[in-house]
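Welcome! Take a moment to look it over, and then read on.

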Amino acid sequence: MKKQTISSQKILIVEDDTALNDAYMMILSSAAYDVQSVYNGREALVAIESFTPDLILLDLRMPKMGGLEFLKAANMTERFPRTKIIVFSNYDVQRDIDESFSHGATKYVLKSWASPKELLKLVSDVLESAA
Amino acid sequence: MNDFRRKNVSIFMSSVRLSSISSSLLLWLTYVSIGSAGCEHSEKRFIKLVIILTVICERGAHYKSYMQVRNITWQKRFWRGVPLSLVLIVLLVVTLFAAYTSQRANKTTARARLDDYAQQVSNELIYRQNDDETLRIETRFTDAYLAVYRGVETGSPIYSAGTEPRSRDVYVSKTTILKNGDRQWTIHLVADSAIVQSGLRKQPIAILVVGALFSVLLYMFLVRSQRSRSQEMEYETKLAVETTKEELLSLASHQLRTPATGVKQYIGMLLQGFAGDLSEEQVSLLQKAYDANERQLSVINQILHITRIENGSLEMNSTVFNIGMMLHDVVDEQQEAIETRQHSVQVSLPRRPVMYRGDEFYLRMVFENLLSNAVKYTHTGGHIQVALQRRQDHITIAVSDNGVGMTMDEQSRLFQRFARIDNELSIEAGGSGIGLYLAQKIVALHGGTIEVQSVPGDGTTFTVILPKNKKIHSFTREKACIIDGYAAGRRA
């Protein structure tokens with residue numbers, strides 16, 4: 001039954017580092033999520049319109065448009081209140097953390113923290129809390 | 001940063017120059033108003049001296065703060081200022097000489113004019129009565145030309161031997177020698193004492209007092225405002241340095257973490273079977289690579305924490321939590337390492353749960369470090385004890401082992417940054433020499449201390465003493481981040 005709910009859930013990866021983007025894609029796809037990946041905030045703005053993800057794995061510092069700019073531009077809290085956002089950054093500056101939460105982030109996680117197993121657990125925990 | 005500093009220094013210097021010019025101007029205006037109200041020459045000279053001294057002091061104060069802002073020492077400033085000072089001294093000497101010469105010339109001219117005048121008009125201005133050697137005054141003339149002689153009766157002696165007025169009564173005092181044929185008179189033009197007392201002198205004294213008071217207040221205000229500005233500048237510069245340091249460090253740690261994160265994901269995927277099953281040997285090798293990468297990430301985090309603690313920018317989250325439960329969690333997390341080394345770990349807690357207010361995240365880091373050290377520095381099959389005790393105004397957490405122990409000398413170096421203790425297990429244990437330094441700083445931020453008791457070969461006991469109900473000022477905003485891998489965000 002769990003598998004069924006998972007399989008219908010959509011995750012958008014927004015990450016500019018190709019190696020990490022590929023890794024997250026492989027890890028999350030392995031758990032049968034419907035995964036799409038983009039490389040910056042601008043691409044993410046386009047993707048959310050058609051893909052309407054249940055969860056966004058969002059990096060902060062990216063070329064063209066960063067994660068915080070994306071959150072502001074997409075107006076996530078108003079337009080996509082059901083979409084969960086995990087900010088996934090290797091920066092741990094308090095200002096970024098505060099701003100992420102004020103623009104609708106569900107969690108702020110240090111990228112280097114999560115092993116593949118932990119990433120899957122984190123994603124499933126956040127998605128389950130959506131209910 | 002340099003641009004920021006330079007910009008601020010230049011703003012500061014403009015404000016110093018402006019205030020200096022305005023204060024000097026006001027002081028001189030005060031002086032002029034006193035002078036024009038009719039002070040005596042000696043008083044004017046005194047006021048001039050006070051003003052010059054005040055301006056010198058003020059300039060000194062400006063330069064002191066200027067040098068503080070630019071980090072220039074007096075010696076440096078002195079040698080840098082020698083050529084300019086020489087030029088200024090030469091200019092000053094030339095000016096003073098010119099002023100002296102012109103004053104002398106003016107005096108000579110004035111005296112000559114008076115002599116000449118006295119010769120020409122002596123019959124009208126002053127006359128000699130009979131054979132009396134006293135010169136008497138003719139008021140018809142003096143009324144017209146010397147207002148101060150008003151009220152003096154015609155025939156009054158200008159000067160009589162033995163009745164010379166006291167010098168402090170002299171308001172207008174001019175002396176000249178009058179020759180008439182073979183006779184010679186010394187003429188003192190002296191104001192009437194009634195006129196002197198009629199209030200003319202009260203005005204300059206009032207102005208002198210008010211003006212001086214005003215100048216002193218103005219001076220104090222300016223010096224004070226400049227001092228506070230200078231302190232503000234110092235603070236701003238310090239803040240800018242720290243912010244830059246913090247940003248640079250965040251950037252550096254980000255750049256270091258990102259490739260390590262990639263390594264972690266890919267090795268993690270291999271270990272977790274993303275590329276098919278692995279042989280035991282492959283798993284063992286990959287696990288070593290994974291662990292090494294984890295150590296690197298942990299060092300990056302520790303360096304970041306240390307820099308933040310030293311900068312005073314570490315932000316803590318003060319919550320009430322069950323410290324016994326946290327100790328159990330810490331032991332559980334290290335169960336794998338404990339089992340690998342075949343240690344037995346005993347956790348003893350008071351019967352009632354101990355609730356403590358502090359930063360759970362950072363305190364957990366402290367006990368993780370203490371336990372991890374105990375595990376690493378105890379030979380296989382050792383015994384480790386974690387004991388929590390509640391006291392009246394504090395709690396103690398003791399982590400004891402029967403490991404390699406330390407000498408007194410080693411104990412004294414233990415909490416120094418990057419300190420490493422060499423013993424038979426240290427190479428195997430690895431470590432960066434940051435953990436205990438960081439632990440001590442974190443405990444200190446909670447108002448507590450870490451004590452150590454150790455006997456070489458017998459074992460070590462680290463005791464963390466944390467005061468209860470201590471208000472901790474460094475706890476600021478809520479930290480809502482997962483660092484180093486503790487379960488779940490701190491804000492859901």
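## Getting oriented

Two residues are in contact when they have heavy atoms within 4.5 Å of each other. Helices (DSSP runs of H or I, at least four residues) and strands (runs of E, at least two) are numbered from the N terminus. A residue is called buried under 20% relative accessible area, exposed over 50%, and partly exposed in between, using a 1.4 Å probe and protein chains only.

This is a predicted model, in which local features need pLDDT of at least 70 and side-chain atom pairs count only at pLDDT 80 or more, while totals for chains, interfaces and linings use all residues. Residues are numbered from 1 along each chain as its sequence is written, chains are lettered from A and ligands numbered from 1 in the order in which they are written, and side-chain values use heavy atoms, leaving out hydrogens and water.

Let us start with helix H3 of chain A, residues 41–51, where A:Gly41, A:Ala44, A:Ala47, A:Ile48 and A:Phe51 are buried. Viewed down the axis of H3(A), these buried residues fall within an arc of 105° (taken from the directions from the helix axis to the C-beta atoms), so they line one face of the helix. On the other side of H3(A), A:Val46 and A:Ser50 are exposed.

What do the buried residues of H3(A) pack against? Their partners in chain A are strands E1 (10–14), E2 (34–38) and E3 (55–58), together with helices H4 (67–74) and H5 (76–79). At the start of H3(A), a side-chain oxygen of A:Asn40 comes to within 3.0 Å of the backbone nitrogen of A:Arg42. After H3(A) comes A:Thr52, with a positive phi near 35°.

Chain B has 13 helices and 11 strands, and 39% of its 492 residues are buried.

A nonpolar core is a set of buried Ala, Val, Leu, Ile, Met, Phe, Trp, Tyr and Cys residues joined through side-chain atoms within 4.5 Å. The largest one has 45 residues, and B:Ile323, B:Phe367 and B:Val464 are among those with the most contacts inside it. Helix H10 (360–376) of chain B is one of the elements that each supply at least two residues of this core, and H10(B) gives the most, with 10 residues. Leaving aside residues up to four places away in sequence, B:Val464 touches several others, including B:Phe367, B:Leu370 and B:Ile397. A second, separate core of 26 residues includes A:Ala47, A:Met62, A:Leu71 and A:Phe80.

## Charged pairs

Nine salt bridges are found over all chains, each a side-chain nitrogen of Lys or Arg within 4 Å of a carboxyl oxygen of Asp or Glu. In one of them, the side chains of A:Glu15 and A:Lys111 meet at 3.0 Å, N to O. A:Glu15 lies in the loop between E1 and helix H2 (18–30) of chain A, and A:Lys111 in the loop between strand E5 (107–110) and helix H7 (116–128), so the pair ties together parts that are 96 residues apart in sequence. Both A:Glu15 and A:Lys111 are buried.

Another salt bridge joins B:Arg364 and B:Asp329, with the closest N and O atoms 3.4 Å apart. B:Arg364 counts as buried at 10% relative accessibility, whereas B:Asp329 is partly exposed at 32%.

Conventions. Polar contact = N/O pair within 3.5 Å; in protein donor to acceptor, adjacent residues only side chain to side chain.
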